[in-house]
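Please keep the structure open beside them as you go.

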Amino acid sequence: MSESSPVDAPQSDSSWQSLLDDAAGWLLLLAAVGGLALLLPGFTFDPAESHFLIAVGVVGLWRYALRALHFVRAMWFLYVAYPRMRERAVKAGAASDPSHAYFMVTSFRIDVETTARVYRAILEQAIECGYRSTVVASIVEYGDELLLRALWETYQPPERISLKIVRIPGTGKRDGLAHGFRAIARDCPDHRALVAVIDGDSVLVPGMMRKCAQMFHLLPDVGAMTTNEFCTVLGSKLMSEWHKLRFAERHLNMCSMALSRRVLTLTGRMSVFRAQIVTQHSFISDVENDSILHWRLGRVKFLTGDDKSSWYSVVKHGWRTFYLPDAAIQTIEHPPSPSLWKSSRTLMFRWYGNSLRQNGRARELGPTRLGWFTYYVLQDQRVQMWTGLLGLLASLLASIHFNFNYLIAFLVWIAITRCLMCVMLMVAGHRVGPMYPPLMYYNQILGSVIKIIVFFFPDRQSWTRQKTTLTKHLDPFHARFNTLSSRIMLFSACSVFAAAVITIATFKSSFG
């Protein structure tokens, strides 16, 4: 795409066959929605009737209002604010060049083909950008080192590019990052140096580092930024669509938060930092040994979620964070299971667990440091898990207690609103497919259930690729107490929520 385009998307689904498949899928979906709507009596959507109040509800209107606000903010950022910023950043010319660019990649138990693609893209990026550069490879297996050295000999990079290989034990990504940061710190980089932290399954798209460097020069208060993501999924069509939906929704939310220069995560797949941040002992310690003090469970060490640790360390020291929609990476997704049901549960448990463990201490930073909108979004994360289930459960109970039309009307409403959300994603620049609307609601329901569980069990963690879990050194009494207290609190919270849902579902009308 052109330099002025707000989204640099490496599209791969543009064949005529895929376009025809998408068109057929959308027609079938719309036909199904129309068929459901025809089953409803004529008074169903009359605002004077209680049907309308139950199908939509005050809570639903509040949720959709927040989503609409995110969309408006994202569109302003994507098509007005960011192009102006990019134009000013490009005009800086050579003045925006960093003194040094580090490309730090961590790799562990990733197939050879993916690893080769990642290393090739990094070498090509280092050559293309024209900066003095160092490739820092934090690796476990000797085979990865041999592969990287072979590619180095093939590319024969210029003298301004150097290579550092950091061999580490296979004790986790956090240790790999910490060893890599210390290797960079030994170079004593100045305040104009940048560090791109790259996961072992993320392929850089050409031009990424130069676009980041230009924006760092324009925004001196930004300490780190992350980029747009597109994916290639090694799995079924359904699995592929599920991952691509996630990245499309991520893009929209990132654009909204970037308007305030306060994105809520520095994605571990690829983010770029100022070298003066990642070489600080406090930052390295935050990434390597992060933990929270839970009021009931005691000290909970972070096993996963290094991107949340790096974000918190950057923000608590007063830096802002940013998102570049026109700089991108291509991730190679390796689902933990061929089954969408198993993979989505595993991945959501990790993602949402990291977010909720982060949420409490992030809110403690306060609106002065975070900004009021960011602070509100963090507060909203605490109630999303409950509101996501409210509509479905209330409509199910109302259909049993009153009339089955309540459930049909709710399904029609869900289908229409999810199709409108897909239009929002399409306007933001990502492809949308006919599987997206049902997958959106699948994510909402399953995600809400998992968030509720992980909220009361924040000490349960696992790492999908490394097959490691958190080792807790607790005596038998405290271990049993933690498990029992978590179950009691989960049961109590669900009981209160169930009572609220029953009250709403059986309240037929405001006037009796």
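1. In this predicted model, the second largest pocket is lined by 19 residues, and those lying nearest its centre are I292, H294, L356, G360 and R382. The volume of this pocket comes to about 450 Å³.

2. As to where the lining comes from, at least two residues each are supplied by β8 (291-294), α12 (340-364) and α16 (436-456). Helix α12 provides the largest share of the lining of this pocket, with 7 residues.

3. Helix α1 (residues 16-38) deserves a separate look: its 23 residues reach 33 Å from the first C-alpha to the last, which is close to the 33 Å expected at 1.5 Å a residue. Within α1, the residues S18, D22, G25, W26, L29 and V33 are buried, and the buried residues of this helix pack against α15 (405-427) and against α16, the latter being a helix that also supplies at least two residues of the pocket lining described above.

4. For the protein as a whole, the secondary structure comes to 17 helices and 12 strands, and 55% of the 512 residues count as buried. Among contacts with a separation of 6 or more, 83% are accounted for by residues 24 or more positions apart.

5. Finally, the accessible surface of the protein comes to about 22800 Å², and carbon and sulfur atoms hold 63% of that area.

Technical notes
Residues numbered from 1 in each chain as written. Predicted model: local features only at pLDDT ≥ 70, side-chain atom pairs only at ≥ 80, totals over all residues. Heavy atoms only, no water. 1 Å grid on protein atoms, 1.4 Å probe; cavity = no way out; pocket = protein on both sides within 12 Å on 5 of 7 lines; lining within 4 Å. Points joined across faces, edges and corners; volume = space filled by probe spheres on them. Helix = DSSP H or I, 4+ residues; strand = E, 2+ residues; numbered from the N terminus. Expected span 1.5 Å × (residues − 1). Buried < 20%, exposed > 50% of the residue type's maximum accessible area, 1.4 Å probe, protein only. Contact = heavy atoms within 4.5 Å. Areas by Shrake-Rupley, 256 points an atom, 1.4 Å probe, with all protein chains shown as cover.
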